[in-house]
Amino acid sequence: MESIIRIENLNYYPLFSNLTLKVRKGSFLSIIGRNGCGKSMLFKILLGLIPTDSTIQIENMSLKENKQAILKHIGVVFENPNSNFIEETPRENMKVYMKNLGYAESKIKKRIDEVCTQFEISSLLDCTISNLSGGEKQLVTLALALLHEPSILLLDDAFSMIDGITKEKIFKILRKYNREQKLTIIQITHDMDDILYGKEIAIIDEQKIILHQKKEKALQEEIFKKAGLELPFMASLSSKLKFYDLIDAPILDMDKMVNTLWK
Amino acid sequence: MEIKFNDVSFTYNKVNYQKKEVLKNINVSFPESKITGIIGKSGSGKTTMVELLDALLLPSQGTIQIGKFVIQKQSQLKQLNDLHFQVGFLFQFPEEQIFNTTVKEELEMGLKFYHYKTDQIEKRSVDALKMVGLDTSYLSKNPFCLSQGEKRKVALASVLILNPQILILDEPTIGLDAESKQSFIRLIRLLKNRFQKTIIIVSHDTDFLLPIVDYVVVLHDKQIVMSGDKYTVFKQVDQLKKYGIKPPKVIEFSDRVLRKKGIKIGYRDEINDLIKDIYRYVR
Amino acid sequence: MLDKISISRYYYGNSLIHQWNPISKLICSLCFIICTCLIQQMSVIILLMIVLLLLLFSSNIPFSYYGKAVWNFRYFLLFFFLFNYVCQMPIEQNILLLCKLILIGLYSTMILFTTPIGEFTLAISVLLYPLTWIHIPVNLISRMISLSISFLSTLMQQANNILKTLAVRGIHYDSGSVKQKLYIWRIILLPIFIGAFRHADDIAYTMEIRCYSLEVNNQGMCKISLRFFDLLQLALHVLIIVLVWKEGML
């Protein structure tokens with residue numbers, strides 16, 4: 001299958017040296033790595049915010065030449081919840097964004113209602129941004145990023161201030177988008193349990209991507225440790241239980257694990 | 001030193017229309033020389049509660065007692081000046097509040113303001129750095145050039161230099177990677193065990209809190225809905241989920257085993273202890 | 001501390017003033033300001049005050065907020081008053097001037113409270129459009145104005161957090177001597193500047209991502225409909241100017 005995103009031999013001192021990344025359409029990729037290894041910078045390069053000489057192709061278009069066209073297919077949530085807003089209220093931000101992309105008034109209203117009902121933020125639409133809590137800002141930004149039905153969604157530590165239960169709901173919605181509309185999702189996260197919601201994992205270490213595989217194969221303790229990371233709970237549990245010969249293969253689902261241990 | 005909330009309520013009188021009630025009739029006491037975790041859904045009032053403890057906000061109703069200090073609506077901030085020498089506060093994302101270009105100046109700011117003697121300041125700077133696990137070579141480094149974990153430790157040292165007996169940490173591990181998190185856990189344990197500090201941590205990361213706290217307080221919808229020793233609170237997995245809190249996975253696993261197989265394997269802090277229990281009960 | 005300052009706040013509402021066409025609003029406020037400057041007599045001030053109070057009332061925002069806004073500028077007003085006093089301006093003229101300042105202040109506050117930044121930018125860019133004939137980048141200017149206004153509130157929040165951080169390190173602004181207050185002003189400059197530049201970078205990135213462009217394609221953005229109310233207001237304001245001018249001529 002064709003790659004929807006292709007970065008080849010990216011060189012960016014001092015963070016990346018000969019970095020290559022190919023992402024297939026319909027992936028749900030988690031990019032992880034220690035603090036400061038350049039994950040956010042990778043996104044900025046991918047979005048054309050930081051110019052580089054390397055070949056970057058998104059949706060079969062070269063980034064250098066078609067930046068404007070490419071940006072219309074991408075939704076982004078940046079790390080700092082405060083930096084995601086230009087206008088005064090969430091509704092204004094949404095309206096202006098859609099207008100910039102050329103949507104008609106009626107379609108704008110329809111999409112805003114649809115997305116906000118899905119994420120349950122309709123009551124926040126007309127509040128001043130500065131009055132919202134960190135978690136609420138992040139929810140609104142996510143809704144904003146999905147308004148224009150992008151084909152790629154980039155999440156940079158997008159849920160750091162959202163509590164665990166709400167996060168579960170959000171990931172359920174995102175997985176639905178990923179399955180049904182083949183939305184390619186790439187998330188950067190520090191929460192190791194968030195990576196289990198995805199399908200693939202990529203690790204950045206020593207200026208390169210040292211691992212990029214389906215999550216079941218990627219959860220190897222030695223590699224994670226070397227990159228300064230720890231395994232998600234279920235992966236760590238599986239790895240240790242396997243060591244004691246209590247299970248044969250890694251199990252990532254809690255119920256399945258319980259049933260396997262106590263048949 | 002007693003730390004107590006007596007029927008405290010707080011309403012934001014923001015200059016924008018609606019008054020926002022954030023806390024209602026809070027009554028709680030924090031045990032001395034122990035680590036207490038405050039958990040709750042985002043927006044449940046956790047940060048407000050701890051800001052009240054350090055007189056960064058004044059309650060709309062009720063009193064807060066910290067040792068000999070009493071904070072109430074009519075309190076004069078001037079009288080509460082010395083409170084900050086008793087209660088230290090580490091904000092969220094302290095990396096965004098760096099004032100100086102050397103770690104030495106950053107640490108000394110507070111004491112210099114109160115005209116402490118230079119040799120005293122130097123000694124306390126070194127002690128504060130030692131408390132957070134950084135050596136004296138950091139004194140001449142530029143805080144802007146440090147890693148995120150190191151920046152946070154420097155921020156913590158700038159608070160510890162005033163030698164507060166009570167320490168409040170607001171989401172100390174947000175945005176940190178695994179190595180830095182582990183380092184922080186060791187640091188907090190050290191502060192409690194060696195220096196007998198009373199520590200209050202606000203976090204929504206229950207996995208981080210589980211191995212270090214003794215006592216847990218749960219905030220939901222402006223009130224305290226649960227409080228008690230950590231296992232008592234954390235093992236009520238369904239209740240916690242109802243309050244929007246994800247219980248620690250180690251505990252959730254034991255709970256799942258209990259529910260599905262009726263076997264009580266006990267509640268543990270860490271995955272290694274859990275493994276030992278599983279091994280015992282499976283064989 | 002800085003929590004209480006309200007410089008650029010938009011209060012959501014559905015009053016007549018909120019729905020007032022922003023272009024009409026800006027033109028009327030210009031009229032009002034010019035008019036206020038032309039006044040020479042206290043009686044006319046009172047007339048204008050009544051008109052203003054009617055407008056404030058129909059904005060559905062509690063008077064206390066307007067009061068607070070004026071209260072925040074009390075030092076400026078005091079300074080003005082004293083300056084004129086020292087320059088030996090007759091006391092009646094001084095008070096007249098003060099009343100004019102308050103009138104203008106309240107009117108502009110009403111506009112700020114009831115106009116979202118988007119509408120504001122649009123109105124300014126439309127009104128300044130003739131300047132594009134002489135190659136002045138009007139869209140750029142209006143975008144800069146609206147961004148600066150939103151920046152201000154972000155910076156205020158950051159400054160507030162910085163002051164809190166200082167407080168927990170033992171450095172209190174409210175209870176310090178003048179010398180200490182000056183010291184604090186000096187040391188907070190570094191984090192505020194850094195925060196401001198970081199925020200500016202982030203906002204620039206966000207604007208690029210959201211395909212903000214500087215071309216005047218904002219015409220469709222707001223429903224710019226000229227309603228009866230808007231025309232009425234325009235007429236009313238022009239009438240006031242004419243009246244005041246005539247009064248002045250008599």
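**Exercises on a predicted model**

The C-alpha centres of domain 1 and domain 2 of chain B lie 32 Å apart. The model is predicted.

**Exercise 1.** Find where chain B is divided, and describe how its two domains touch.

*Solution.* 
- Step 1. Domain 1 of chain B covers 3-245, and domain 2 covers 248-283.
- Step 2. Count the contacts, taking C-beta atoms within 7 Å. Eight residues of domain 1 of chain B touch nine residues of domain 2 of chain B.
- Step 3. Locate the elements on the domain 1 side. Helix H6 (206-209) and helix H7 (230-234) of chain B each supply at least two residues there.
- Step 4. Sort that side by class. It has five nonpolar, one polar and two charged residues.

**Exercise 2.** Describe the contact between chain B and chain C, with a closer look at the side of chain B.

*Solution.* 
- Step 1. Count both sides. Chain B brings 24 residues and chain C brings 22 residues.
- Step 2. Pick out elements of chain B. Strand S6 (87-90), helix H2 (103-113) and helix H4 (148-160) each give at least two residues to this side.
- Step 3. Find the top contributor. H2(B) gives the most, with three residues.
- Step 4. Sort by class. The side of chain B holds 14 nonpolar, seven polar and three charged residues.

**Exercise 3.** Work out the strand order of the open four-stranded sheet in chain A, and find its edges.

*Solution.* 
- Step 1. Read the order. The strands run S2-S1-S4-S5 (chain A), with antiparallel pairing.
- Step 2. Find the edges. Strand S2 (16-24) and strand S5 (61-62) of chain A each have a single partner strand, so one side of each lacks a neighbour in the sheet.
- Step 3. Inspect one pair. Strand S1 (residues 3-12) and strand S4 (residues 55-58) of chain A pair over four bridges.
- Step 4. Name a bridge. A:Glu8 has A:Thr55 in S4(A) as its bridge partner.

Note on methods. Residues numbered from 1 in each chain as written. Chains lettered and ligands numbered in written order. Predicted model: local features only at pLDDT ≥ 70, side-chain atom pairs only at ≥ 80, totals over all residues. Nonpolar A, V, L, I, M, F, W, Y, C, P; charged D, E, K, R; others polar. Domains from an automatic or database assignment. Pairing = 2+ DSSP bridges.
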